[in-house]
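Subject: The structure we talked about

Hi there,

Here is the structure I promised to pass on. Have a look at it first, and then read my notes below.

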Amino acid sequence: MNTFTPAAFVIKDEFELIQSATDYALERAQDGWISGQFYRCRLTSAFQPIIDMAQNKTIGHTAHIRLESDGEISLSPWQVFAQATSNEQLVHLDRLCRAVHALNYFHNKATRSDQKLLVGVHSLLLETVKVDHGRAFEDFLNLIGVKTSQVTIEIPPTINHNWELLQKVINNYHLRGYHIAVTYSSASSSAWMSELSRLYPEMIRIKASYLPNDRVIDALIRAVHHFGAKVLVWDIATSDQLASAKRLGADYLQGHFLSEPARAVRTVSPQLIQESLDPNLAQTLEEARKFESKKEYK
């Protein structure tokens, strides 16, 4: 008599298959939002829209890490990165963050197929990993069915000072199909864009607080456009900064004035974009936001 009882066959869903194929500590909330576990911290995503002025629409989002530690929410990711006691742990943590972002973004019904995800990479990861930058993330993207061309890698400005490393990093990521965003800093040389052009980044990020230095920024934006790249002005917090970005010819806009980072993939409506870009309405919108902010703290 055959007494063998076959084991019950359990069909795993896609997330469970991803969990079993990686060494990342991933969790899924009831609403489907993904988080990662690192020590006693739970890491999750917030996304901020990137607006294309010419097309008058949201063309992608920048990912921000949000974390909870002992039930308390902190907006600064550096607190959890400080807990990495070795380069190996930091590399693992940085890759975990990008895995969480990719899952929350590309497996979200609100994400359009033509939208891109902009993710940062920690400078120590770039210095620690000697070859094949972007390979581990590419392997994860392949696992979840996402092309590297749908991702823009944001290179931190601290790498601008290490030309040899910057060149190697950009070349590595480009060979794997990623797009590249390089961040301008006030410490960059006057010839920075001319030198950088040989590396062909797709995007140059300029912080809105730099815009009052009109002559330098105007020359920089002209150089960026000459070499065929796009300009993203980020951290726009006021109507004046928005007006400056528009006047100087920025291609893409991002900042709290337009839309806050959120635990969701939000698209800014064309009407709101138009209202924000209208100088007569932008000031009114800014005053309304200040009024709402005051009410929240009462």
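A residue counts as buried when its relative accessible area is under 20%, as exposed when it is over 50%, and as partly exposed in between. By that rule, 47% of the 298 residues of the protein are buried. Please keep in mind that this is a predicted model.

First, the overall picture. The protein has 11 helices and 11 strands. Among contacts with a separation of 6 or more, 65% are between residues 24 or more positions apart. The protein exposes about 15800 Å², and carbon and sulfur atoms supply 52% of that area.

Next, a pair of helices. Helix α3 (residues 87–106) packs with helix α5 (residues 135–144) at an angle of about 25 degrees, and their axes are 11 Å apart. Because angles under 35 degrees count as roughly parallel, α3 is roughly parallel to α5. The crossing of α3 past α5 is right-handed. On the α3 side the contact involves R95, R98, A99, A102 and L103, which meet A136, F137, F140, L141 and I144 of α5. Of the residues in this contact, 8 are nonpolar and 2 are charged, with no polar ones.

Helix α9 (residues 239–248) is also worth a look. Its residues S239, L242, S244, A245 and L248 are buried. After α9 comes G249, which has a positive phi near 90 degrees.

- D132 has a phi near 55 degrees. D132 sits in the loop between α4 (123–128) and α5, and is partly exposed, with a relative accessible area of 35%.
- Y200 has a phi of about 50 degrees. Y200 belongs to the loop between α7 (192–196) and β9 (203–207). With a relative accessible area of 55%, Y200 is exposed, because the cut-off for exposed is over 50%.

Finally, a residue in a strand: is E68 buried, partly exposed or exposed? E68 lies in strand β4 (residues 57–69). Its relative accessible area is 26%, so E68 is partly exposed. The C-alpha atom of E68 is 6.7 Å from that of L43, although the two residues are 25 apart along the chain.

That is what I have for now. Happy to go through any of it with you.

Best wishes

Key: Residues numbered from 1 in each chain as written. Predicted model: local features only at pLDDT ≥ 70, side-chain atom pairs only at ≥ 80, totals over all residues. Heavy atoms only, no water. Helix = DSSP H or I, 4+ residues; strand = E, 2+ residues; numbered from the N terminus. Buried < 20%, exposed > 50% of the residue type's maximum accessible area, 1.4 Å probe, protein only. Contact = heavy atoms within 4.5 Å. Areas by Shrake-Rupley, 256 points an atom, 1.4 Å probe, with all protein chains shown as cover. Axes fitted to C-alpha atoms, helices over the stretch in contact; angles between N-to-C directions. Parallel < 35°, antiparallel > 145°, perpendicular 65-115°, else oblique. Left-handed = near helix turned anticlockwise from the far one by under 90°. Nonpolar A, V, L, I, M, F, W, Y, C, P; charged D, E, K, R; others polar.
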